Amino acid sequence: KPPSQLTATAATGGSSPYSYQWQDSIDGGSWSDILGETALNYSPPALITTTYFRIRATDAGSPSCGLEISNTVEILVVDDNINNTELLKKRLEKQGHEIIIANNGREALIHLMTKDKSLDLMLLDIVMPEMNGYEVLKFIRNDKRFHELPVIMISSMDDTDSIYRCIEIGADDYIQKPFNQAVLNARISSCIERKQLRDKEITLISKLNIEREKSENLLLNMLPNSVASRLKAGERDIATKHDEVTVVFADIVEFTPQTQEMNPSMVVHILNNIFTSFDKLAQQFNVEKIKTIGDSYFAVGGLNSNNQKQSAINVIEMAKEMLNVLVILNKETKEMKLVLRIGVHTGPAVSGVIGRNKFAYDVWGATINMANRLETTCVNGKIHISKKTKELLGSRYSYIKCKDTEIKGIGLKTTYIIK
């Protein structure tokens with residue numbers, strides 16, 4: 001009987017090609033070549049179930065080869081009549097199947113639950129001591145571990161009620177004793193084929209779920225959870241108006257001039273260390289990273305929060321930790337000097353997804369421009385905030401007032417440095 005795959009292995013480790021042959025009956029007839037099949041592996045078509053295969057070396061001087069059969073079909077035969085089980089065992093082993101015998105329902109379940117690998121098929125008698133076939137079948141269909149196991153009921157009972165009851169409980173097929181060997185073989189082959197198709201389907205579904213999870217994780221790395229959910233739901237023009245958010249811009253001072261003579265891989269390595277640390281802080285303080293722009297880091301707090309004061313506090317706490325992180329990284333970096341300046345502003349904004357092939361989540365509005373201007377006018381190593389943000393934070397922090405700060409495109413503004 002053809003297994004799912006035939007593998008020829010030269011006994012001496014040789015690699016000469018082998019031909020594959022078939023015949024319709026194991027009892028006689030000539031062997032015919034499978035044209036074009038000379039590789040070491042051949043997978044017979046799934047629907048071929050009655051042809052026998054063999055492998056032989058094409059060169060008479062080649063070393064002898066062994067035949068390895070993968071995915072051997074394993075069948076559990078359950079019947080209290082020992083003569084029946086022995087007869088079935090002999091007949092089915094001639095077909096290339098591996099047979100396990102159980103002489104009552106309880107013994108069958110013990111075999112089922114103690115095996116290292118799953119069975120391919122069960123042939124189950126109905127009338128047995130201790131536990132009859134109906135009870136065994138019901139147990140199998142109610143247990144998720146064995147729910148997909150094909151079960152063919154075999155019984156001398158020919159009444160319609162017995163057949164109906166078996167099918168109702170979940171039997172895959174029903175064969176009446178004494179059974180015709182050809183019919184039994186055909187029904188076994190049919191059940192095994194269906195199981196193999198189900199197994200492949202389960203494997204494919206599992207792989208699809210893994211790939212879907214990877215895709216969703218990738219999406220969540222690019223977008224906030226709420227936006228990702230809307231995008232997966234099929235929404236196209238995703239935009240949200242926010243009455244009040246707190247925006248932070250962080251920039252590495254004189255980064256570009258310092259990289260003029262540096263190795264490109266070292267530049268990327270340094271930036272990656274810095275921004276990876278910032279990403280962890282954003283996650284820690286529930287602040288949404290929007291993007292990096294060159295050596296600048298842009299993030300927003302309060303996009304999905306009703307407590308804007310807490311969101312502003314989270315942004316400031318994150319900004320303070322960003323300064324601490326850069327102090328540590330600066331000590332570890334010999335290639336350049338790392339100093340950070342940070343701007344923070346609170347106000348209304350609009351967020352949304354733009355693009356189709358390479359979509360991106362972004363935030364727009366005068367609030368973002370103001371936060372960026374505060375960063376560019378900030379003292380090195382400090383956090384520069386607007387009056388609006390200071391009012392929201394209240395007395396939680398100590399401030400240095402900066403009178404008449406010239407904000408490009410906006411004019412003179414009163415701003416503050418957090419001590």
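Start by selecting aspartate 173 and showing what surrounds it: leaving aside neighbours within four places in sequence, aspartate 173 is in contact with Val151, Ile152, Met153 and Arg187. Keep in mind as you look around that this is a predicted model.

**Stop 1: aspartate 173**

Colour by secondary structure and you will find aspartate 173 in strand β11, which covers residues 173–176. Is aspartate 173 buried or exposed? Its relative accessible area is 19%, and the cut-off for buried is under 20%, so aspartate 173 counts as buried. Now show side chains for aspartate 173 and arginine 187: the two side chains make a polar contact at 3.4 Å.

**Stop 2: a cis peptide bond**

Next, select lysine 177 and proline 178. The peptide bond joining lysine 177 to proline 178 is cis, with omega at about -15 degrees. Most peptide bonds are trans. Proline 178 sits in the loop between β11 and α5, the latter covering 181–222.

**Stop 3: helices α2 and α3**

Select residues 105–114 for helix α2 and residues 133–142 for helix α3; the two pack at an angle of about 25 degrees, with their axes 9 Å apart. That angle makes α2 roughly parallel to α3, because angles under 35 degrees fall in that class. Which hand does the crossing of α2 and α3 have? It is right-handed. To see the meeting side chains, show Gly105, Leu109, Leu112 and Met113 in α2, which meet Val136, Phe139 and Ile140 in α3.

**Stop 4: helices α8 and α9**

Now move to residues 264–284, helix α8, and residues 308–332, helix α9. The axes of these two helices come within 10 Å and cross at roughly 150 degrees. Angles over 145 degrees count as roughly antiparallel, and α8 and α9 are therefore roughly antiparallel to each other. The crossing of α8 and α9 is right-handed. On the α8 side, select Asn273, Ile274, Ser277, Phe278, Leu281 and Ala282; they meet Met318, Glu321, Met322, Val325, Leu326 and Leu329 in α9.

While α8 is on screen, pick out methionine 266, which belongs to that helix. Methionine 266 is partly exposed, with a relative accessible area of 27%.

**Stop 5: two residues with positive phi**

Most residues other than glycine have a negative phi. Go to asparagine 286, in the loop between α8 and β13 (288–293). Its phi is near 60 degrees, a positive value in a residue other than glycine. At 63% relative accessibility, asparagine 286 counts as exposed.

Then select glutamate 254, where phi is near 55 degrees, again positive in a residue other than glycine. Glutamate 254 lies in the loop between β12 (239–252) and α7 (255–258). Glutamate 254 is exposed, with a relative accessible area of 51%.

**Last stop: colour by confidence**

The protein chain averages 82, and 83% of the residues score at least 70. Which element has the lowest mean pLDDT, and which the highest? Among the elements of the protein chain, strand β6 (residues 65–70) is lowest at 39, while strand β17 (residues 383–386) is highest at 96.

Two stretches deserve a selection of their own. Over residues 34–51, pLDDT stays under 50, and the model has 49 contacts beyond four places in sequence for them. Over residues 57–71, pLDDT also stays under 50, with 33 such contacts in the model.

Notes
Residues are numbered from 1 along each chain as its sequence is written. This is a predicted model: local features need pLDDT of at least 70, side-chain atom pairs count only at pLDDT 80 or more; totals for chains, interfaces and linings use all residues. Side-chain values use heavy atoms; hydrogens and water are left out. Helices (H or I, at least four residues) and strands (E, at least two) are DSSP runs, numbered from the N terminus. Buried means under 20% relative accessible area, exposed over 50%, partly exposed in between (1.4 Å probe, protein chains only). A polar contact is a pair of N or O atoms within 3.5 Å; within protein, one must be able to donate a hydrogen and the other to accept it, and residues adjacent in sequence count only if both atoms are side-chain atoms. Contact means heavy atoms within 4.5 Å. pLDDT is the predictor's confidence in each residue, from 0 to 100. Axes are lines fitted to C-alpha atoms, for helices over the stretch in contact, and angles run from 0 to 180 degrees between N-to-C directions. Angles under 35 degrees count as roughly parallel, over 145 as roughly antiparallel, 65 to 115 as roughly perpendicular and the rest as oblique. A crossing is left-handed if the near helix is turned anticlockwise from the far one by less than a right angle, and right-handed if clockwise.
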